[in-house]
Amino acid sequence: MSLVQIETDSLRAELTKTCAGEIRFDDVTRALYSTDASVYQIKPVGVLVAKSREDVVAAVRACASLKHPLTMRAGGTSQAGQAIGEGLIIDTSKYLNRVLEVNAGERWVRVEPGIVLDELNAQLKQYNLRFAPDISTASRACIGGMIANNSSGARSVVYGKTIDHVLELEVVFADGKVARLGENAKAPENDSSEGRAYKAVRELAAKHRDEVLARYPKVLRRVGGYNLDEYIDPAKPFNLTKMIVGSEGTLAVVLEAKLNLVPLPRAKSVVAIHFKTLFEALEATPIILKHGPSAIEVMDRHILDNTKNSPVLQAKRKTFIEGEPGALLCVEFYADDDAELGPRMEKLEADLRGRGLGYHFHQATALADQAIIWGLREAALGLSMSMKQEAKSISFVEDTAVAPERLREYIEKFLGIIEQHKTTAGIYAHASVGCLHVRPVVNLKTEEGVGKFKAIAEEVADLVLEFGGALSGEHGDGLVRSPFLEKMFGPTLYQAFREIKNAFDPHGILNPGKIVNAPPITNNLRYGAGYDTPNPRTHFDYSEYGGFGGAVDMCSGLGACRKQTDGTMCPSYMATHEEADSTRGRANVLRLAMAGRLGEAGLTQQGVKETLSLCLECRACKAECPVGVDMARYKSEFLAAYYEQHGTPREAKLLGRVHEMAKWGSLAPWLANATMGIVKQFAGVHPNRDLPPLAEKTWDKSVTIEAGRTGPLFFKDTFTNHFQPAVGVAAMEVMSLAGQRAGFAPNVCCGRPLISQGLLREAKTLARQNTDLLFAAASRGQKLLFCEPSCLSAIKEDAPALLRGELQKQAETVAAASMLFEEYLLKEVVAGRAHLDINPEPGEILIHAHCHQKSMGLGGATAELLQRIPGASIKDSGAGCCGMAGSFGYAKDKYELSRQIAEQRLLPAVRANGQKPGSTVVASGFSCRHQIKDFGERRAVHPAVLLRSIWKESL
């Protein structure tokens with residue numbers, strides 16, 4: 001047994017003895033925690049998911065006794081590599097995420113380090129307060145990480161950085177001693193880590209005062225190095241928290257934080273200013289600052305163009321962007337009264353127009369309109385990385401900051417460096433404080449790319465020095481900027497940083513290699529020169545990514561899939577808070593397995609199967625992940641490969657071939673329904689679930705269609721045709737009453753159940769058959785209408801990807817002709833080719849959109865159509881996935897998780913709706929309606945059924 005293994009076993013044994021948390025040393029977990037949102041990868045020895053502060057203290061003491069390194073981690077969103085390390089990873093995000101105390105009168109809050117910023121602010125909203133630093137990753141970044149990085153965000157021109165809002169910290173030092181730090185804290189007299197820390201900071205600040213004044217950048221956004229500048233003014237109270245903030249977990253471990261809060265603005269507005277070029281926008285920035293904005297955020301053409309690749313972001317873009325701007329400035333104003341905002345925006349516009357700056361000024365005064373603009377801006381990080389080729393925009397020189405008045409000249413020279421290296425870059429972020437995120441496009445899988453990465457980093461560091469700026473403005477030093485700190489601060493201050501580190505952590509166990517004593521910038525790269533992107537044989541077409549491996553590599557680790565307060569992605573993570581259940585976690589494990597880096601059986605290994613098992617295939621990641629990671633498709637692909645090697649389980653065969661069972665069962669539905677209990681048992685269905693009964697008469701046998709119709713054609717999906725034909729009948733009758741004569745398409749099953757179960761060979765056969773059957777009508781211009789959103793997505797998105805060559809082109813024609821029933825009817829009503837002659841329906845109509853409906857950008861079509869019902873109050877459920885997700889919620893081992901997902905937002909909304917007289921629940925998805933019946937004890941109806949029930953006349 002090796003010495004390393006002995007040390008590992010000793011650590012694991014000590015943690016098992018002293019910690020109640022989840023101790024994980026398996027290969028898959030280590031893979032999950034080997035990356036963050038940076039370009040680096042370091043496999044840890046193990047992971048502790050801490051359940052209490054006592055767990056953290058015990059783990060630090062265990063590492064101290066064994067002199068074993070450790071790295072603290074919460075959201076894992078760090079872009080410089082701070083949240084990875086070769087020692088023990090301690091994850092605080094799953095359990096240590098509580099608000100401990102709020103004092104609204106004194107405007108402070110006590111929190112645990114794993115609480116997500118958005119969740120904290122959601123709890124503070126009732127007090128009309130918030131934690132001020134407002135980073136774009138607020139939906140998943142945790143307070144502990146923000147303290148470690150000294151984060152700031154869009155409104156730092158008003159609120160400063162995290163360091164300005166941390167009042168007290170409870171920490172555990174490297175020797176395991178716990179202390180509370182703050183303005184009133186006193187230095188201990190003993191020779192503990194805490195005592196040495198106080199002494200070292202006082203002495204080094206006094207000794208190097210002149211050097212600090214000379215070498216620290218004179219800009220607001222400097223977070224590099226250690227904060228010695230906070231201690232050179234003897235008139236300021238001595239507060240050791242100022243040293244811990246921004247130290248990236250290298251000096252002490254945060255157990256709890258007391259934070260200053262600020263009032264929510266009484267009134268605010270946003271003006272999105274369009275410019276022909278980026279340089280014009282940067283020239284306008286110092287002028288705008290004179291008008292007192294709370295934020296000035298920039299996005300260049302590169303970022304804006306990438307919004308067109310996402311249906312969700314493209315929908316946002318269309319609401320306020322005019323033409324093709326070279327850059328956009330999002331300028332926000334705060335005021336005490338709404339009446340003040342209009343004149344301020346008008347004054348700004350007049351000033352800029354008078355100087356010939358800006359060609360369009362979009363004013364947003366409604367909060368919903370402002371949210372759309374900020375939603376686009378907050379997606380910029382992911383958008384900058386969304387190119388599908390091997391070379392991508394990456395984080396390594398993205399965090400520099402200079403004085404705003406020098407920003408235009410600085411960026412011009414910065415882009416000159418980029419051009420000299422024959423590449424491009426996306427630019428976005430905080431123009432107000434001169435901190436623009438410039439992300440050069442580099443291929444880190446080649447020797448040339450790694451060389452370019454190193455050279456650009458070195459040249460940019462020199463440029464920053466030339467302009468008196470900061471190399472790190474908010475993302476921290478980590479592995480990517482720490483190697484340059486001696487250059488940035490000089491040898492004297494760098495040695496002082498080393499002395500600080502040694503005083504706090506003499507054995508170097510706390511997040512080693514960050515800030516001081518860092519490895520070279522090219523060490524520990526996630527890919528690196530010579531990386532061979534796996535490209536296994538696949539069923540789906542991934543040619544736009546260069547193959548399956550390239551598609552999986554699209555995940556950069558930025559962690560948008562860990563959000564919990566809004567959206568649909570990722571439903572299982574929202575319920576479990578497990579990294580393995582996030583889209584990022586699944587992509588990481590799949591990538592490493594495909595590359596043979598897990599040391600097991602590659603793509604078909606059991607550990608990967610288990611990691612993917614809780615993916616609901618809701619496809620929310622495809623729409624909500626800024627780079628469009630489609631884990632539903634990757635899971636299907638993986639299962640197909642796994643089953644080819646290990647055989648297909650009985651449950652997958654039964655659930656995947658539901659179309660065949662329905663077809664034969666419909667010949668004698670009474671007999672088929674009587675045997676449902678047997679089917680449940682063989683299919684692994686939970687005993688509390690009832691399988692939907694087959695209808696006595698199918699949809700296609702319930703209506704009579706005249707031959708030769710040239711209007712739209714309904715796709716007879718399995719669920720509507722065999723189980724709920726009343727939905728299809730209602731849809732056809734509504735079409736007729738609205739003045740549209742629809743017929744039936746000549747189709748077979750869409751293949752969605754087969755795709756979900758990984759039976760891709762059979763799904764490909766159905767895709768080919770449907771293309772052959774539907775192409776003629778589609779090429780004639782006839783529209784194909786779908787009642788079931790998941791079936792629509794199978795035809796629009798999956799069928800073309802399963803086919804190749806001419807058949808693929810024909811499938812794309814079919815896909816272009818395919819529409820959701822509500823989408824088509826709304827379009828025809830708006831165009832005046834159809835009419836809605838319906839009775840008033842007073843009462844609240846609660847709408848829950850199917851996940852696939854939302855992933856295709858069609859979530860709003862149902863609401864917009866039903867808003868035309870006189871007297872109705874339309875409300876969105878605000879929920880993500882319902883938790884049923886086709887056959888997912890039926891499974892015995894998924895039943896409880898399915899319920900938990902539904903309880904997050906959907907079921908509370910359904911219950912609240914049920915308390916209101918005359919209320920209705922509407923859901924387009926078959927599985928959604930089933931889930932609402934099972935857990936919400938309400939009958940949800942299809943939009944077609946609702947419209948048919950209130951039509952003024954009958955056929």
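The second largest cavity holds about 240 Å³ of space. Here a cavity is a set of points, on a 1 Å grid over the protein atoms alone, where a 1.4 Å probe fits but cannot get out. A volume is the space filled by probe spheres set on the points, which are joined across faces, edges and corners. The model is predicted: local features need pLDDT of at least 70, side-chain atom pairs count only at pLDDT 80 or more, and totals for chains, interfaces and linings use all residues. Residues are numbered from 1 along each chain as its sequence is written, and side-chain values use heavy atoms, without hydrogens and water.

The second largest cavity is lined by 18 residues, a lining residue having an atom within 4 Å of a point. Val39, Lys392, Ile394, Tyr527 and Ser556 lie nearest its centre. The lining divides into eight nonpolar, five polar and five charged residues. Ala, Val, Leu, Ile, Met, Phe, Trp, Tyr, Cys and Pro count as nonpolar, Asp, Glu, Lys and Arg as charged, and the others, Gly among them, as polar.

The count comes to nine cavities of 30 Å³ or more. The largest cavity contains about 640 Å³ of space. Its lining comprises 42 residues, with Ser78, Gly145, Met146, Ala148 and Asn149 nearest the centre. Strands E3 (70-73), E10 (253-260) and E17 (425-430) and helix H5 (143-149) each supply at least two lining residues. Helices (H or I, at least four residues) and strands (E, at least two) are DSSP runs, numbered from the N terminus. H5 gives the largest share, six residues. By class, this lining has 18 nonpolar, 20 polar and four charged residues.

How values were computed. On a 1 Å grid over the protein atoms alone, a cavity is a set of points where a 1.4 Å probe fits but cannot get out, and a pocket is an open set with protein on both sides within 12 Å along at least five of seven lines; lining residues have an atom within 4 Å of a point.
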